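User: I would like to learn how to read salt bridges, strand pairing and cores in a model. Where do we start?

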Amino acid sequence: MMAVCLTASLWAVDLPNQGLGLQIGWAQPTLRVNDSNSPDTLNHHFHMNGFKVGLIYDASYIAGFGSSMGINYTFGVHNGGWNQRNAYNTYPQDRQLITYNELEIFVDWQYKFEVAKETYLILYTGPTIQCGLGLSWRKDTRTDVIDPVTHLPSDEIITTRGERMNAYNADGENGFKRINVTWGVGAGFQYKRYFLRGGYDFGLINPYKLADYSSGVHTRGRFDQWSIKIGMYLWYAE
């Protein structure tokens with residue numbers, strides 16, 4: 001399917017209404033982890049706010065219908081708040097810091113509605129292949145200091161930073177795979193050489209899988225993503 005899109009876009013080199021540009025914007029990769037036994041307490045969504053930057057090639061074939069493709073680098077970080085370990089003690093508390101970065105190749109089918117001269121509304125949809133470059137996490141803990149005289153908690157808090165661990169260095173023990181496939185839908189606006197695009201990518205596979213055969217619990221996770229990009233065509237032919 002992707003090979004057909006690439007062939008069609010290369011054929012479009014001799015056609016008008018094509019451009020090559022740069023785009024940059026906000027991205028929110030989301031790791032959705034679910035447990036097979038489905039208690040809500042074991043289902044977690046880790047929203048990682050970050051940015052996206054890349055190249056885009058755009059071509060229209062017939063009456064506004066065309067495609068866009070390109071490559072992006074995406075970075076996101078999740079800085080979780082402090083959570084109590086139980087309902088009775090204020091301390092100790094834990095928090096998680098997760099960072100994620102990837103390269104992605106996207107191919108979208110799109111339609112441009114011309115609403116005024118050199119002004120377009122855009123609707124698009126298509127697949128993206130993501131290659132994870134790094135997924136790491138760190139767990140920090142903070143505790144209160146016990147007064148040696150009164151044996152009561154003092155006002156002093158000690159924070160212990162955990163060791164950063166990379167999911168892709170565990171040789172599959174934690175179940176993370178580098179390759180992910182998503183399907184995106186979105187809309188945009190273009191005025192002359194400038195454009196704005198935003199959309200949502202749904203994870204089609206679970207690059208995170210972990211089975212605990214002793215308990216029968218199977219954990220899986222997928223990556224979804226919100227993004228908003230602004231950009232400019234460095235070269236554009238009408």
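Analyst: Start with a definition: a salt bridge is a side-chain nitrogen of Lys or Arg within 4 Å of a carboxyl oxygen of Asp or Glu. By this rule the structure has 9 salt bridges. This is a predicted model: local features need pLDDT of at least 70, side-chain atom pairs count only at pLDDT 80 or more, and totals for chains, interfaces and linings use all residues. Residues are numbered from 1 along each chain as its sequence is written, and side-chain values use heavy atoms, with hydrogens and water left out.

User: Which residue forms a salt bridge with lysine 112?

Analyst: Aspartate 58, at 3.1 Å from N to O. Strands are DSSP runs of E, at least two residues, numbered from the N terminus. Arginine 197 sits in strand β11 (residues 194-203), 139 residues from aspartate 58.

User: Are aspartate 58, lysine 112 and arginine 197 buried or exposed?

Analyst: Buried means under 20% relative accessible area, exposed over 50%, partly exposed in between (1.4 Å probe, protein chains only). Aspartate 58 is buried because its relative accessibility is 0%. Lysine 112 is buried at 6%, and arginine 197 at 3%.

User: How do I read strand pairing, and which strands pair with β6?

Analyst: Two strands pair if DSSP finds at least two bridges between them. Strand β4 (residues 65-79) pairs with β6 in the antiparallel sense over 15 bridges. Glycine 76 has tyrosine 100 of β6 as its bridge partner. β6 and strand β7 (residues 119-146) also pair in the antiparallel sense, over 21 bridges. Their hairpin has 2 residues between the strands, and glutamate 118 takes a positive phi near 60° there.

User: What is a nonpolar core, and how many residues make up the largest one?

Analyst: In soluble globular proteins, nonpolar side chains tend to be buried together. A nonpolar core is a set of buried Ala, Val, Leu, Ile, Met, Phe, Trp, Tyr and Cys residues joined through side-chain atoms within 4.5 Å. The largest here has 12 residues, including Leu31, Phe46, Ile98 and Tyr100. β1 (18-35) and β6 (93-116) each supply at least two residues of this core. Apart from it lies another core, of 5 residues, among them Ile56 and Phe106.

Conventions. Helices (H or I, at least four residues) and strands (E, at least two) are DSSP runs, numbered from the N terminus.
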